[in-house]
Amino acid sequence: MPIDACRDYSLTGPNAKASGFGSAEWYASPAPRKRIKELMKRSDRLALTNYGTWLGLVVATGVLLVAVWGTAWAWPVALVYGVFYGSGADSRWHETGHGTPFKTRWLNDAFYHLASFMSLRNPHLWRWSHTRHHSETVIVGRDPEIAFPRPPSIGNWVLNLLYIPAITKELGKMVRIAFGNLTEAEKSFLPESEWPKTFAASRAHLLVLALVGLAAVTLQSWLPLFLIGLPTFYGSWLHHILATTQHAGLAEDVPDHRMNSRTFYLNPFFRFIYSNMNYHIEHHMYPMVPFYNLPALHEEIKADCPPAYASLLACYREMVPAVMRQQADPNHYIRRPLPAGAGATPTYERPVIAAE
Amino acid sequence: MPNWVRACGANDVEAEDLVRFDHGDRTFAVYRSPDDEYFCTEGLCTHEQVHLADGLVMDYEIECPKHNATFDYRTGEAKRAPACVNLATYPVKIENGSVWIEI
């Protein structure tokens, strides 16, 4: 896979024009239609159990934070509250964005808007960005969500492990969009018909944050900001440490999620925070399957997929050296082994258009 | 002049499900609703040309398997982003245990 002179990750560069992956046939591990239909079914009961527990934990730890505010206990309690708020919301923003957890649409939409605010993401811009990410996963010049463009910046990676720079950028984006400004890259995947509600959502988010800021000034206390707004900054780190495993170090420009995504086993608590996104090959291959059915989908197709990593640590043990090596050798990537008898990866050669 | 084409057997489609039907260079989706009515739309999602036959029917809606765009398959109306364009729909009749569509 040669890295050509025109290799350019921007969504408005030559590779953006060259890709034809939007209409490409992506590989899907074979599974009986009847079984996939069962797994695609949504359940308000299962979703409400998960989302109700999560929201209950956010509220309970939030109340505890209020109770211990001003004591030394505030710091550890804030750490726990922040993880439920920031990391828990980020994975639930993602799930409800797909519209898969709840059978009842308004419940999906209500949680989507709540989780979007809690993770400081514009609900409309991110819905369309993520749509493109699923159409053209890790396709250079087309996927707006490639976290590790080659050669990667290790400095950015280390800083972003705590997710603080990315969230800060998101806050800046919120202000820019609230003033009605979209970049050319954003315009490349966001239809014009969506622009008014995109602007309105950023304005609504800013208004809520301003009210929280006003409450902090009025009360002469940081507490309101530690409850709403700041937890996205100090609590999203766990989600980001987990989500970094999704595609880092793996192949680019290949229409096969077994080659560009990573599935690994994870303890139940982290899976709760992360909404089972450790089953990332399965999620990309069958995005209509709700998070609570991903373990079952994994069992259904694992014989056709590379072996799942044993743990989060196992992912990092492979990923860190690969990303380090990509600094000097951008052609390097991790080649995932397929089991005997697995379906072959479709071949695809990315067309290249010379820079203008 | 109406051009009725046999798409499938009426029992080839389960209730609250759909099947794909290809005719010439065109592709269609034939639905059976929860109350055993039959409907037909074009077979590809208007968002990114993905076959709807791999999607999920819930009541009177079909959800695209790729990005979860949703349509009312009775009218073709796009109900959920990223679909912004309605699906074309086609008349359906049941005769002698077969589903016929007018194309």
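Colleague: Which residues of α4(A) meet W126(A), R127(A), H130(A) and H134(A) in α6(A)?
Modeller: Bear in mind that this is a predicted model, where local features need pLDDT of at least 70, side-chain atom pairs count only at pLDDT 80 or more, and totals for chains, interfaces and linings use all residues. Residues are numbered from 1 along each chain as its sequence is written, chains are lettered from A and ligands numbered from 1 in the order in which they are written, and side-chain values use heavy atoms, with hydrogens and water left out. Helices (H or I, at least four residues) and strands (E, at least two) are DSSP runs, numbered from the N terminus. Taking contact as heavy atoms within 4.5 Å, the α4(A) residues that meet that set are W93(A), H94(A), G97(A) and H98(A).

Colleague: How many nonpolar, polar and charged residues make up the contact of α4(A) with α6(A)?
Modeller: Nonpolar here covers Ala, Val, Leu, Ile, Met, Phe, Trp, Tyr, Cys and Pro, charged covers Asp, Glu, Lys and Arg, and polar is the others, Gly among them. W93(A) in α4(A) meets α6(A), where W126(A) is one of the residues in the contact. The whole set splits into 2 nonpolar, 5 polar and 1 charged.

Colleague: Is α4(A) roughly parallel or roughly perpendicular to α6(A)?
Modeller: Axes are lines fitted to C-alpha atoms, for helices over the stretch in contact, with angles running from 0 to 180 degrees between N-to-C directions. Helix α4 (residues 74-98) and helix α6 (residues 123-135), both of chain A, have axes that come within 11 Å and cross at roughly 75°. Under 35 degrees counts as roughly parallel, over 145 as roughly antiparallel, 65 to 115 as roughly perpendicular and the rest as oblique. So α4(A) is, relative to α6(A), roughly perpendicular.

Colleague: And α5(A), at what angle does that helix pack with α6(A)?
Modeller: Y112(A), H113(A) and S116(A) in α5(A) meet P123(A), H124(A), W126(A) and R127(A) in α6(A). Helix α5 takes in residues 105-118 of chain A, and the axes of α5(A) and α6(A) lie 10 Å apart. The packing angle is about 100°.

Colleague: Where is E145(A), which touches S129(A)?
Modeller: S129(A) is in helix α6 of chain A and, at a relative accessible area of 6%, is buried (buried is under 20%, exposed over 50%, partly exposed in between, with a 1.4 Å probe and protein chains only). Beyond four places in sequence, E145(A) is in contact with W126(A), S129(A), H130(A) and H133(A). As for its place, E145(A) sits in the chain A loop between α6 and α7 (154-161).

Colleague: How far apart are the closest N and O atoms of R325(A) and D329(A)?
Modeller: R325(A) is partly exposed at 47% relative accessibility, and D329(A) is partly exposed at 27%. They do form a salt bridge, with the closest N and O atoms apart by 3.9 Å.

Colleague: What is omega for the cis peptide bond of R150(A) and P151(A)?
Modeller: Most residues other than glycine have a negative phi, and most peptide bonds are trans. P151(A) is in the loop between α6 and α7 of chain A. Its bond to R150(A) is cis, with omega about -5°.

Colleague: Which loop holds E16(B), with its positive phi of about 55°?
Modeller: E16(B) is not a glycine, yet has that positive phi. At 22% relative accessibility, E16(B) counts as partly exposed. Its place is the chain B loop between β1 (4-9) and β2.

Conventions: Salt bridge = Lys/Arg side-chain N within 4 Å of Asp/Glu carboxyl O.
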